[in-house]
Each structure stands twice: as C-alpha cells, then as structure tokens.
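Dear colleague,

Please find below the structure for your review. A summary of the findings follows it.

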Amino acid sequence: LQGNRQTLGLAVGITLLLSFAAFFFTQPIIGLFSLTEEALGYCTQHLQAMAFSLLIFAVYFPVMGVFQGIGSGFCATLVSTVALGGRVLFTYGLPYLFPSVSYASLWWGQICGWILAAILTYLIYFIGKRKTLVHI
C-alpha cells in the first residue's frame, strides 16, 4: 500500500505541474505550430480539456498497475473496458443531450470515460482488492 501511495503521489504531482503548464501556457505551446485561426481555437480547447483529463488519468492509472501486479488482470480489463465504453457513449451522447457541446464531445467523452474508470477502480480497490493487498 505504501508503494501505491508513493506512486500515486508522484504521478499526481508531476501531472499537476504538466497540467498547470498546459492549461495556463496553452497559447505559447500551440504557437510552436503553424496553425490556422480555426485550428488554434480547436487546439486551445482540446489542450485545456486534456490538462484536466490527465489529472483523472494520473489518479486512477497507478491503481490499475496494482491490480496487474497482484495478478488481477480481470479488474484491469474490466476497468479499461468501462473506460473505453464510457468514452464512446459519452462522445456520441453528449451532443444529443447538450447540442452546444458539438465537436468538443470528442475530448469531454474521454474525460467522462476516465471518471467512470476512476470511480470503478477505487470501488474495486477499497471494497474488494484491498483485503488482498494488506496481506502482501
């Protein structure tokens, strides 16, 4: 459990720094590329949304490594399937529920899918697998 906490702390700490840079320095980062005005708008929205989604990924992905490390490939596969399924459902469903979302559902779907995966990961971790981890 201590190794998981350390890995989680490192992942979240590094991701916070990178996400901060990506969110607040979006224009200089995008300025490195020759893009049209329209593409600049899309890139700005996408990079700022991804800065947020990487934090969610950093919170749930180290615990996925714990599942794989204890030989629970089923849990890792289940969470990955839920994340992918959630991404697809939200990507197609968000524009129907909120027409103003439009093309941005591509990256908001990813965020929603990873939120589902994070919730499921920690439910499995704290409800079932933690008992196994305590004995290791």
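Tyr 103 is partly exposed, with a relative accessible area of 33%, whereas Trp 107 is buried at 8% (buried means under 20% relative accessible area, exposed over 50% and partly exposed in between, with a 1.4 Å probe and protein chains only). This is a predicted model, in which local features need pLDDT of at least 70 and side-chain atom pairs count only at pLDDT 80 or more, while totals for chains, interfaces and linings use all residues. Residues are numbered from 1 along each chain as its sequence is written, and side-chain values use heavy atoms, leaving out hydrogens and water.

A search of the whole structure gives 12 aromatic pairs (rings of Phe, Tyr and Trp, the last by its six-membered ring, with centres within 6.5 Å; planes under 30 degrees apart are stacked, over 60 edge-to-face and the rest tilted). Among them, Tyr 103 and Trp 107 are edge-to-face, because their ring centres are 5.8 Å apart and their planes stand at 70°. Tyr 125 and Phe 126 also form an edge-to-face pair, at 4.9 Å centre to centre and 80° between the planes. In that pair, Tyr 125 is buried at 5% relative accessibility, and Phe 126 is partly exposed at 47%. Separately, Phe 20, Phe 23, Phe 24 and Phe 25 form one aromatic cluster.

As to confidence, the mean pLDDT (the predictor's confidence in each residue, from 0 to 100) of the chain is 86, and 93% of its residues reach 70 or more. Where pLDDT is low, the predicted coordinates should not be read in detail.
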